[in-house]
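Let me put the structure up, and then I'll walk you through it one piece at a time.

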Amino acid sequence: SFAAEFDSELSLPYLYPTPEGMLRAEWTIRDWEVSMDVDLDTKSAEYQALQTSSEECSELSISLARDEGWQQLNSALQRLESVESGVTSA
């Protein structure tokens with residue numbers, strides 16, 4: 001699913017297994033620390049983005065079993081990368 005649905009123009013995460021049997025994905029995008037824990041059985045994910053300079057936090061529950069979930073993830077990361085490059089969206 002990841003190869004087919006993740007936007008190839010986005011930064012790739014570090015991926016590793018957790019002791020609980022889940023998958024963790026982590027990104028560092030400028031002053032944002034992003035993590036996502038994925039339950040591989042249900043394909044459900046908990047996404048959290050923390051801006052270290054302001055402590056602003058964004059959290060999402062995402063179903064990676066659905067196209068809409070992948071779109072939600074890609075959009076969230078695109079917003080952070082747009083902020084990084086100085087591009088703002090309306």
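This is a predicted model: local features need pLDDT of at least 70, side-chain atom pairs count only at pLDDT 80 or more; totals for chains, interfaces and linings use all residues.

Let's start with glutamine 51, which sits in strand β4. Residues are numbered from 1 along each chain as its sequence is written, and side-chain values use heavy atoms, with hydrogens and water left out.

Back to glutamine 51, then. Is it buried or exposed? Glutamine 51 is buried, because its relative accessible area is 12%; the cut-offs are under 20% for buried, over 50% for exposed, and partly exposed in between, with a 1.4 Å probe and protein chains only. Its side chain also has a partner: a polar contact of 3.3 Å links glutamine 51 to the side chain of aspartate 31. For a polar contact we want a pair of N or O atoms within 3.5 Å; within protein, one has to be able to donate a hydrogen and the other to accept it, and residues adjacent in sequence count only if both atoms are side-chain atoms.

Now look at the two sides of β4. The covered face has Ala45, Tyr47, Ala49 and Gln51, and the uncovered one has Ser44, Glu46, Gln48 and Leu50. Tyrosine 47, also in β4, counts as buried because its relative accessibility is 3%.

Okay, zoom out. What order do the strands of the open sheet have? The order is β1-β2-β3-β4-β5, five strands with antiparallel pairing, where a pair needs at least two bridges between the strands according to DSSP. At the edges you find β1 (14-17) and β5 (57-63), each pairing on one side only. From one strand to the next, the twist averages 15°; the axes there are lines fitted to C-alpha atoms, for helices over the stretch in contact, and angles run from 0 to 180 degrees between N-to-C directions.

Let me go through the pairs. β1 and β2 run antiparallel and are joined by four bridges, with leucine 15 standing opposite alanine 25 in β2. Their hairpin has five residues between the strands, and glycine 21 there takes a positive phi near 85°.

Next, β2 and β3 pair antiparallel over seven bridges, and isoleucine 29 has tryptophan 32 in β3 as its bridge partner. This hairpin has two residues between the strands. Arginine 30, in the loop between β2 and β3, has a positive phi of about 50° even though it is not a glycine.

Then β3 (residues 32-39) and β4 (residues 44-51), antiparallel again, over eight bridges. Valine 38 has alanine 45 in β4 as its bridge partner, and aspartate 39 has serine 44. That hairpin has four residues between the strands, with lysine 43 in the turn at a positive phi of about 60°. Lysine 43 is partly exposed, because its relative accessible area is 37%.

Finally, β4 and β5 share seven bridges, antiparallel, and leucine 50 has cysteine 57 in β5 as its bridge partner. There are five residues between the strands in this hairpin, and glutamate 55 takes a positive phi near 65°.

Last stop, the largest pocket. How big is its volume? About 190 Å³. The search uses a 1 Å grid over the protein atoms alone: a cavity is a set of points where a 1.4 Å probe fits but cannot get out, a pocket is an open set with protein on both sides within 12 Å along at least five of seven lines, and lining residues have an atom within 4 Å of a point. Grid points are joined across faces, edges and corners, and the volume is the space filled by probe spheres set on the points.

The lining includes Leu15, Ala25, Val38, Asp39 and Lys43, plus Trp70 among others. It divides into nine nonpolar, one polar and two charged residues, with Ala, Val, Leu, Ile, Met, Phe, Trp, Tyr, Cys and Pro as nonpolar, Asp, Glu, Lys and Arg as charged, and the others, Gly among them, as polar. β3 gives the largest share of the lining, three residues. That's my tour, thanks!
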